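Please open the model in your viewer and keep the sequence panel beside it.

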Amino acid sequence: TMAESPGLVDEAIDGSQPMPPPRQREDSHSHSVVKVTEPRLESSSWGTKYMTYNVSVHLDDKVNARNVRRRYSDFVWLRSSLAKLFPAVVIPPLPEKRMLFKNNRFNELRILGLRRFLYNVLSQEFLSKSGPLKAFLSPDNFEEEKKQEEAKIQTRKIPDILAEYRVHFKTALDYDVPKEPLEKMLMLKDFLSDSKKQLQALVTSCSAIANDFYHINLQLMKMTKEFEAMQKGEDGLIGKVPSEKKLSMIKGFADLAQVHDDHRSHWSDFLVDAMQSEVYNIEAMQETVQIWMNYNNMLTKASARMRKYSKERNVKDVAKMQAEMQDEKQLREFVAAITKIMLQHNLRLIWKSQSVKFTTDVKGFMGVQQRHAREQMSEIYGVCKAIEEFDAQWVVPRELGIDGPSESKST
């Protein structure tokens, strides 16, 4: 069913996407289209600066939300509300508030992450039709609708959640509760923690490579400008038209710089995005594990109270005991349900979809990089050919009376 489709199905990342500047794309799921555009720095009444984004979503049911401006904290509210509304179900992750990159790739990576978040929310029917999402996309009365949704979440009880889960996760709930669920969750917790550490180390290394590659591009463009400035200075001193060989060499460097500038995506950029995305997914999984632990601890305490009641001969408050017995029964059913959802829905479908996505992205990225590599090698050959036809050093103007290499000499 739609509700049991993978929760974190990222749209394929186009390996040709230059970083920076951002290139906007439309992300779609069925008939849904998601756009996050136009980052704009704004100031609050007390002088605090923050970034807002234009959010446009065309939903399957023909409801449109266009030109709705939202700030990052609004996205955080949406995700937090969805997590409270559907405990122990993995909610698509958001990019972190402060990202590793400090150059002008920040906005692109954040916009990509925000757009991916909304796309993944829309890919699950029960999330796409939720109250918090409708409030988030409301062009009017957003603050008022936020308060209304928060009030609804506060009054939501375990039987209400169970009733919805039986609809949305019927297949997962048909499985038996696995033996030793606590032991399995502890193993999963350790595995997620170790995986996150390893991925974060790789993200750090690849980010350093990506930043170095970005600065290489900048220096290549700067070097081309310096060559042009030196040529202008020499032309002004000698007062003659520059030689074709000089112009050919300068043009070769300019063309090479342009090719690099047009294709700034690098394998390290791709890996940073892929691995950082996986870090966010692991953090989302860690949240659900912690939620499961919290409910399991509540069940352990409730069960201990039931055992205490069973040993008492004369219970003073029978009504209280009966209410607590009912609560314990509902809590036991809920923990059993979220255990099945954790192990049969969250893990199986999400990680399977991530594996397929990564494989697809790698193939697409490598195809694009092969084309770019051919263009770059062609330009590098052109530069080398121009240098070969010209002196290895700049020609010393004869008018200055200084001995130096002549233009006729070939190196």
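This is a predicted model: local features need pLDDT of at least 70, side-chain atom pairs count only at pLDDT 80 or more; totals for chains, interfaces and linings use all residues.

If you switch to a cartoon view, the protein chain shows 11 helices and four strands. Among the contacts in the protein chain with a separation of 6 or more, 74% are accounted for by residues 24 or more positions apart.

**First stop: α1 and α2**

Select residues 72-85, which form helix α1, together with residues 106-122, which form helix α2. Two packed helices are described by the angle between their axes and the distance between the axes. Here the angle is about 30° and the axes are 12 Å apart. Because angles under 35 degrees count as roughly parallel, α1 is roughly parallel to α2. The crossing of these two helices, α1 and α2, is left-handed.

Now show the side chains where the two helices touch: from α1 these are Y72, F75, L78, R79 and L82, and they meet R110, L114, F117, L118 and V121 of α2. Sorted by class, this contact of α1 with α2 has eight nonpolar and two charged residues, and no polar ones.

**Second stop: α1 and α5**

What are the angle and the axis distance for the packing of α1 and α5? The angle is about 20°, and the axes lie 10 Å apart, so that α1 and α5 are roughly parallel to each other. The crossing in which α1 passes α5 is left-handed.

The side chains to display in α1 are D74, W77, S81, K84 and L85, which meet F142, K146, E149, E150 and I153 in α5. By class, the contact of α1 with α5 has four nonpolar, one polar and five charged residues.

Is K146 buried or exposed? Its relative accessible area is 13%, and because buried means under 20%, K146 is buried. Once its neighbours within four places in sequence are left aside, K146 is in contact with D74, W77 and A135.

Move on to helix α6 by selecting residues 158-168, and colour I158, I161, L162, Y165 and H168, which are buried. These residues cover an arc of only 130° around the axis, which puts them on the same side of α6. An α-helix has 3.6 residues a turn, so residues three or four places apart point the same way.

Select E38 in strand β2, which spans residues 32-43. The phi of E38 is near 55°, a positive value in a residue other than glycine. E38 is partly exposed, with a relative accessible area of 48%.

Then select N141, which is found in the loop between α4 (131-136) and α5. N141 has a positive phi of about 55° although it is not a glycine. With a relative accessible area of 57%, N141 is exposed.

Definitions and conventions
Residues are numbered from 1 along each chain as its sequence is written. Side-chain values use heavy atoms; hydrogens and water are left out. Axes are lines fitted to C-alpha atoms, for helices over the stretch in contact, and angles run from 0 to 180 degrees between N-to-C directions. Angles under 35 degrees count as roughly parallel, over 145 as roughly antiparallel, 65 to 115 as roughly perpendicular and the rest as oblique. A crossing is left-handed if the near helix is turned anticlockwise from the far one by less than a right angle, and right-handed if clockwise. Contact means heavy atoms within 4.5 Å. Ala, Val, Leu, Ile, Met, Phe, Trp, Tyr, Cys and Pro count as nonpolar, Asp, Glu, Lys and Arg as charged, and the others, Gly among them, as polar. Buried means under 20% relative accessible area, exposed over 50%, partly exposed in between (1.4 Å probe, protein chains only). The arc is that of the directions from the helix axis to the C-beta atoms.
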